[in-house]
Amino acid sequence: MFGNLSDRLVETFKNLRSKGKLSAADIDATLREIRRALLEADVALEVVKTFVGAIRERALGDEVNKALNPAQQVVQIVNEELVNILGGQQRKLAFAKTGPTVIMLAGLQGSGKTTLAGKLAKWLKDQGQTPVLVAADLQRPNAVNQLQVVGERAGVEVFAPELGNGKGDPVKVSKEAIKFAEKKQFSVVIVDTAGRLGIDEELMSQARDIRKAVDPDEVLFVIDSMIGQDAVNVAKAFEDGVGITGVVLTKLDGDARGGAALSVSSVTGKPIIFASTGEGLDAFEPFYPDRMASRILDMGDILTLIEQAQKQFDDVEAAKMAEKIAKNEFTLEDFLEQMQQLKKMGSMKDLLAKLPGAGQMKNQLENFDEKEIDRTEAIIRSMTPVERRQPKVLNGSRRLRIAKGSGTTVTEVNSLVNRFEQAAKMMKTVAKGGMPQMGGQMPGMPNIGGGFVGKAKKNDKKKKGSKSGNPAKRAAENLGITPTQGGSGSSFGL
Amino acid sequence: MGFLFWKKKDKPEEIVAPEIEVPAEKKKLFSKPKPKVEPQPVVETIVEPEIEVLPEPEKVEVVLPKRTFAKGIKSLFTRVKFDPENLDELEDVLIQADFGVDAAEQIVAEVKARAKKTGAETETELKAILAELITENLTRDDRELNLSSGQLPYVVLVVGVNGVGKTTTIGKLAKYLSEAGSKVVIAAADTFRAAAVEQIATWADRSGATLVRPKTEGQDPASVAFEGTEVAIATQADVLIIDTAGRLQNKVDLMNELDKIRRVVEKNCVIAEVLLVIDATTGQNGMVQAKAFAEVAKVTGVALTKLDGTAKGGIVYSIQRDLGIPVKLVGVGEGIADFAFFEASEFARGLVS
């Protein structure tokens, strides 16, 4: 997400950081880079112009001159302006006061409406709502069928009286759907409409008719994050043609820089409510403008990560674990338990991608083998309880037995044990307050912080063969991918 | 917490699943010998015609009637006036058409240079220079679909990210080829997305093409593609079009799957075309897409879709200039006939009109 834009800005600020004070020329050079980075990130030209103008004005003003650290100031200004354009605070979905809440989805062909409908339904269902999906895309071949499959996967009812494929009236279907929902007491109605072009007057007027027929509480404009400069035209066309209340950004798991987010927010003034980040039904999350902005600045999306972790993680358990780590009682058994909790959080890759500095390790992330986790689990499961608690007892013959039992090799067992020991040592350092910054960011979950470092150190060891005996130092050597201890933060002097 | 201490896979190639074994006796079912697999089928040389391979010699070359796509291109200058006095504005116009900053700067510099040389001043003259420049940069000899090597069936592999219009493009292409008198087989190798097979089935039905379906839900796409080659060979089809699932280019596993499809298909056939479908609304990420797909899938051409909207599709300029991949097809609507072959001069004229 926004990875490349982050990379660009980090590059720009690298030069800035080394200077004690900013001159007007410095600011202009920086702004040129920002302009270019934003354009290459597909932010619409008119939005870029406004954005850069606003930053220049603020950067040249008194604010900066008073600052102790100019780079810090510019980052802050850019960040604030980004948040500003992205819509300020996060907005929640609006629900109807009485009767079913109606959500209408609209957008171009191929923006991901049908997939999103399923995700949204699943998400609402998880929140205790009873959603029903309405198949009002009667245009695209087998769109109705697709929605039915999606609904089945999400475990949600689908209202599909027409087969579609060019036949049937979507306005009538939508109208009936509301009656159906009222009668059957569904709490949310999600209307999936056909993809349409902003300039297709006939279809836009049909969309207006659907809107009139269902009187939606939300009209969500679904837009592909890969879209280029046309985002502005499309967003305007849908805002003028149908009238939208919010935006959903899809395919954010790709490597598109996603400048469309800025363009759309800026021209419509409507908030981005959700971000869709993959093909699985769970790959969906609320959109947080402030977090997204800090992500653009390569600060990582640590808050999202925490939230996800909290959903799956028991706070009490986490505290217990932290205590264990501090007392050096962290065993492979605990480790196995943690691993199972982590697996509940979803794909490890997605999780890692949210870490600060992840932009710089994107490629490595993509090559991360999820199966590795299963193998590790297999190895631990092949150990006896004693071995899990005291890895020290693992002699050659025990290791061979474990390797055989888990279908791995002795080398893999060795490497796991080694890495575990190092990580445990590292965690101890962390728990003792080795990473105050991280601790502050993740209240109640110091073990997460430790995990990051474990990864960092491991990387360090694997890739660079660091010789430092001090784990904290090793982690520090790897600042490029662990901004926790001064990575992204201090790289901007923050 | 130790969850991060798994090592990353250093060699993603190793994740590739083993290839499907084809029972030897199954291969023997075909009367036709297996076409020779060339290491780089993209640059096909005219292979000496092996008489028994060709069912009907007169059908070997698929003759493609001409089509225009003028309706698809919107002028660059609808919102911003073309100002001969201030050519820097042109850069903005090109950026807004998704040409990208680099290409826009380069084009403007070139237009300025040529204008200086020829003394062009008026709007018409300058627009002509711009059109000429774009045409020159986009003109290619290998613009046409590579359907003339003589090695039947001509396999067209269609790839791209999610939601760009792969299935629709295949439907249109199949219809077009069928009308041109070719026997078309479509392999529904998008076994991932919900109801994708049904969607392509509808298009196959409309176009009169034979459809090879996956036997089970979520079947390995490579095996469906392979079955496609078997059916195409057994039924002596002229063209085999393989639909693949949309995949974002940064998903290594999915890209490896594409590589596997290629390799499996090449056991039986030579791949004549690998079409990368790009949505005209795509911004600069289109370049990243093209690079990634070209590397893995050996893309031979681009199909630019959804040109009937407000998007100009300027990214194809950079794709062709920097990667040397020509635009071959253009999609201009949801109808089965809304499809044409790309023509550089037409594109350029449309942009400056």
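Predicted model: local features only at pLDDT ≥ 70, side-chain atom pairs only at ≥ 80, totals over all residues.
Asn142(A) sits in the loop of chain A that runs between strand S2 (131-136) and helix H7 (143-154). Its phi is positive, about 60 degrees, although the residue is not a glycine. Is Asn142(A) buried or exposed? A residue counts as buried if 20 or more other C-beta atoms lie within 10 Å of its own. Asn142(A) has 24 other C-beta atoms within 10 Å, so it is buried.

Asn165(A) also belongs to a loop of chain A, the one between strand S3 (157-159) and helix H8 (170-184). Asn165(A) is not a glycine either, and has a positive phi of about 55 degrees. Around Asn165(A) there are 18 other C-beta atoms within 10 Å, and therefore this residue is partly exposed.

A further loop residue of chain A is Glu279(A), found between strand S7 (272-276) and strand S8 (284-286). Glu279(A) has 21 other C-beta atoms within 10 Å, so it is buried. In sequence, Glu279(A) and Leu116(A) are 163 residues apart; in space, their C-alpha atoms are 9.2 Å apart.

Now to chain B. This chain has 11 helices and eight strands. Of its 353 residues, 53% count as buried. Which contacts link its parts? Among contacts in chain B between residues at least 6 apart in sequence, 78% join residues at least 24 apart.

One peptide bond in chain B deserves a look. The bond from Leu152(B) to Pro153(B) is cis, and its omega is near -10 degrees. Pro153(B) is part of the loop that lies between helix H4 (123-138) and strand S1 (154-159) of chain B.

The next topic is the packing of helices. Two packed helices are described by the angle between their axes and by the distance between those axes. In chain B, helix H8 (residues 252-265) packs against helix H9 (residues 285-297) at an angle of about 40 degrees, and the axes are 9 Å apart. Because of this angle, H8(B) is oblique to H9(B). On the H8(B) side the contact is made by Met255(B), Leu258(B), Asp259(B) and Arg262(B), and on the H9(B) side by Ala292(B), Val296(B) and Ala297(B).

In soluble globular proteins, nonpolar side chains tend to be buried together. Here the largest nonpolar core has 194 residues, and those with the most contacts inside it are Val189(A), Val191(A) and Ile186(B). Strand S5 (residues 271-279) of chain B gives the most to this core, namely seven residues. A second, separate core has 13 residues, among them Met339(A), Met383(A), Ile402(A) and Val413(A). What does Ile186(B) touch, leaving out residues up to four places away in sequence? Its partners include Ile170(B), Ala174(B), Ile200(B), Leu211(B), Val212(B) and Asp243(B).

The complex receives an ipTM of 0.75 and a pTM of 0.70. For chain B the mean pLDDT is 80, and 76% of the residues reach 70 or more. Over residues 1-60 of chain B, pLDDT stays under 50, and for this stretch the model has 94 contacts beyond four places in sequence.

Terms used
Residues numbered from 1 in each chain as written. Chains lettered and ligands numbered in written order. Core = buried A, V, L, I, M, F, W, Y, C linked by C-beta atoms within 7 Å. Buried ≥ 20, exposed ≤ 12 C-beta atoms within 10 Å, placed from the backbone. Helix = DSSP H or I, 4+ residues; strand = E, 2+ residues; numbered from the N terminus. Contact = placed C-beta atoms within 7 Å. pLDDT = per-residue confidence, 0-100. Axes fitted to C-alpha atoms, helices over the stretch in contact; angles between N-to-C directions. Parallel < 35°, antiparallel > 145°, perpendicular 65-115°, else oblique.
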